[in-house]
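Subject: Structure handover

Hello,

Here is the structure I promised to pass on. My notes on it follow below.

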Amino acid sequence: MTPSTINVRTSKKNQLIDITSEVESIVRSSKISGGVCYVYVPHTTAAVTINENADPDVRDDIIKGLEAIVPYDLDYDHAEGNSPAHIKSSIIGITESVFIENSSLVLGTWQGIYFCEFDGPRARKVYVKVVGRS
Amino acid sequence: MTPSTINVRTSKKNQLIDITSEVESIVRSSKISGGVCYVYVPHTTAAVTINENADPDVRDDIIKGLEAIVPYDLDYDHAEGNSPAHIKSSIIGITESVFIENSSLVLGTWQGIYFCEFDGPRARKVYVKVVGRS
Amino acid sequence: MTPSTINVRTSKKNQLIDITSEVESIVRSSKISGGVCYVYVPHTTAAVTINENADPDVRDDIIKGLEAIVPYDLDYDHAEGNSPAHIKSSIIGITESVFIENSSLVLGTWQGIYFCEFDGPRARKVYVKVVGRS
């Protein structure tokens with residue numbers, strides 16, 4: 001299947017945005033009943049992660065944790081001043097692979113798929129590809 | 001192939017458990033001779049990683065390192081008190097993809113596949129899917 | 001497709017090396033027009049990441065950031081003294097999956113694929129597998 005695109009509009013410097021329903025909708029439209037769904041972020045200061053879908057505080061805590069872990073005050077060389085965002089992108093990663101069974105994503109009970117903005121606000125894209133049997 | 005499930009019983013708060021032989025056994029049973037084996041953790045305070053299989057001290061050091069990197073004393077919002085475990089899950093990641101050739105996993109000489117518990121002890125699951133040619 | 005191998009010769013302790021053109025060349029040779037390209041590092045003190053391809057300072061800043069994040073002076077057990085390199089490998093990860101359309105990698109405008117050395121200098125390998133339709 002040709003990759004589909006999800007457009008994401010972020011509103012903060014650091015932000016986790018739930019894209020689970022958009023990904024699920026692409027899986028349903030694909031008519032693939034069993035296979036693998038790939039989520040890919042084509043940016044270098046953003047990422048994708050799978051984490052808790054119940055308490056939104058977890059998203060804020062992931063951002064807080066990463067802010068504490070990745071130093072802002074290092075002697076960075078990159079002139080744009082967004083080196084911490086590039087580092088977060090490589091730490092979290094820009095791809096996820098989720099299984100598909102019965103035409104649905106096989107997520108754990110508490111799992112949702114989150115686009116991670118580290119250098120917003122910006123207009124962003126997420127590519128989704130579904131591979132498997134009809 | 002429908003995903004297979006590996007049941008993992010963890011005994012500590014933080015623990016890396018070798019699941020290489022269980023994954024290898026699922027690959028052998030699949031009769032797939034060449035392809036890709038996907039390992040997926042359906043939890044939000046656990047992860048999967050591939051790292052050294054020889055000296056078990058490396059596993060302890062990975063836990064020690066993550067304990068030092070992810071702060072416990074931040075002003076976290078999530079009431080369950082396990083925000084550091086959620087952060088570790090997103091940092092390490094919940095998926096791995098390993099190639100299959102000659103009906104076996106193509107791992108490096110020193111590589112094993114490890115389930116990572118960050119909020120144990122618990123009963124956990126790992127999903128494994130094998131895709132390829134028979 | 002049987003995995004192809006890219007040989008990488010690193011010259012520093014910590015180093016990010018651009019392997020995009022080598023991966024692209026394997027995709028072209030595969031005659032696969034649409035699908036997924038998997039990049040796999042069979043080492044436990046190295047990794048692969050996708051990040052900025054324009055300003056080489058970003059690569060240096062990623063190394064600087066990881067050096068600041070992963071402590072060298074913990075009470076590590078592993079006798080070889082390279083525990084920080086093992087930890088970095090698990091944090092960055094050893095696999096990437098990139099889509100293929102029109103016989104080319106679907107990378108973002110600013111994205112390149114980088115082999116990450118954390119315990120060099122060494123001779124290293126990267127495995128690449130291309131799956132899809134001709």
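Helices (H or I, at least four residues) and strands (E, at least two) are DSSP runs, numbered from the N terminus. In those terms, B:Asp73 lies in the loop between α2 (57–69) and α3 of chain B. With a relative accessibility of 68%, B:Asp73 is classed as exposed; here buried means under 20% relative accessible area, exposed over 50%, and partly exposed in between (1.4 Å probe, protein chains only). B:Trp110 is 37 residues away from B:Asp73 along the chain, and their C-alpha atoms are 35 Å apart.

The model is predicted, so local features need pLDDT of at least 70 and side-chain atom pairs count only at pLDDT 80 or more, while totals for chains, interfaces and linings use all residues. Residues are numbered from 1 along each chain as its sequence is written, chains are lettered from A and ligands numbered from 1 in the order in which they are written, and side-chain values use heavy atoms, with hydrogens and water left out.

How the copies are arranged

Two copies of a chain are related by a rotation about an axis and a shift along it. Copies are superposed by least squares on the C-alpha atoms of residues with pLDDT of at least 70 in both.

Chain A goes onto chain C with an RMSD of 0.0 Å, by a turn of 120° and a shift of 0.0 Å along the axis. The C-alpha of chain A nearest that axis belongs to A:Ile91, at 3.4 Å.

The copies meet through different surfaces, because only 10% of the interface residues of chain B are also interface residues in chain A.

Helix α2 (residues 57–69) of chain A and helix α3 (residues 83–92) of chain B have axes that come within 9 Å and cross at roughly 75°. This makes α2(A) roughly perpendicular to α3(B), the class for angles of 65 to 115 degrees. Axes are lines fitted to C-alpha atoms, for helices over the stretch in contact, and angles run from 0 to 180 degrees between N-to-C directions. Contact means heavy atoms within 4.5 Å. From α2(A) the contact residues are A:Val58, A:Asp61, A:Ile62, A:Gly65, A:Leu66 and A:Ile69, and from α3(B) they are B:Ser83, B:His86, B:Ile87, B:Ser90 and B:Ile91.

The strands

In chain C, five strands make an open antiparallel sheet in the order β1-β8-β3-β5-β6. Its edge strands, β1 (4–9) and β6 (104–105) of chain C, each pair on one side only. Two strands pair if DSSP finds at least two bridges between them. Strands β3 (residues 34–40) and β8 (residues 123–133) of chain C are antiparallel and share seven bridges; C:Cys37 has C:Val130 as its bridge partner in β8(C).

In chain B, strand β7 (residues 111–117) is mostly covered, with seven of its seven residues buried. B:Gln111, B:Ile113, B:Phe115 and B:Glu117 point one way from β7(B), and B:Gly112, B:Tyr114 and B:Cys116 the other way. Strand β2 (residues 15–18) of chain B runs antiparallel to β7(B), joined by four bridges, and B:Ile17 stands opposite B:Phe115. Strand β4 (residues 46–52) of chain B is also antiparallel to β7(B), with seven bridges; B:Ala46 is partnered by B:Glu117.

Regards

Definitions and conventions
Angles under 35 degrees count as roughly parallel, over 145 as roughly antiparallel, 65 to 115 as roughly perpendicular and the rest as oblique.
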